[in-house]
Amino acid sequence: MSQYRKGYLFEKKTHLKISDIISSHKDLKFYGIESRGSKGAADIVFGIYNKRYKIRTWVGIQCKRGYVSKPEKSREIQSAMKNYGMIMFYSTPCKEKKTEIEFYPDFEKWLDNWGKETK
């Protein structure tokens, strides 16, 4: 299997995982856009709308199957916010169990708190 195909499958898996996480929140609506083979800040972009607080945001997900250091992830996340105003997360395979996905920073934690500060 080619590296491109492996990356494509990992992006699809990440998209499904994020969709499942967002779908578990009854007050949220969302739309996901995948950008194949892009060299941009994000591989997947999700538009999220919170019906309860009537706010929306765009979230970028950068998918990497290989190792990326935390300092590098932090730099990329800060760059995405500065250059595009985009909240960014990294998706990588879990170290312990490669079939599972981990997010940096913690996407579920961020989503649980998003909107609550605007009450």
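## What helix 2 packs against

In this predicted model, the buried residues of helix 2 pack against strand 4 (87–93) and strand 5 (101–104); contact here means heavy atoms within 4.5 Å. Helices (H or I, at least four residues) and strands (E, at least two) are DSSP runs, numbered from the N terminus.

So who does the packing? The buried residues of helix 2 are K73, I77 and A80, where buried means under 20% relative accessible area, exposed over 50% and partly exposed in between (1.4 Å probe, protein chains only). Looking down the axis of helix 2, these buried residues fall within an arc of 60°, so they line one face of the helix; the arc is that of the directions from the helix axis to the C-beta atoms.

## A buried lysine

K73 sits in helix 2 and is buried, with a relative accessible area of 8%. Leaving aside residues up to four places away in sequence, K73 touches V68, Y90, T92 and Y104. K73 and Q62 are eleven residues apart in sequence, and their C-alpha atoms are 9.4 Å apart in space.

## How to read the numbers

Residues are numbered from 1 along each chain as its sequence is written, and side-chain values use heavy atoms, with hydrogens and water left out. Because the model is predicted, local features need pLDDT of at least 70 and side-chain atom pairs count only at pLDDT 80 or more, while totals for chains, interfaces and linings use all residues.
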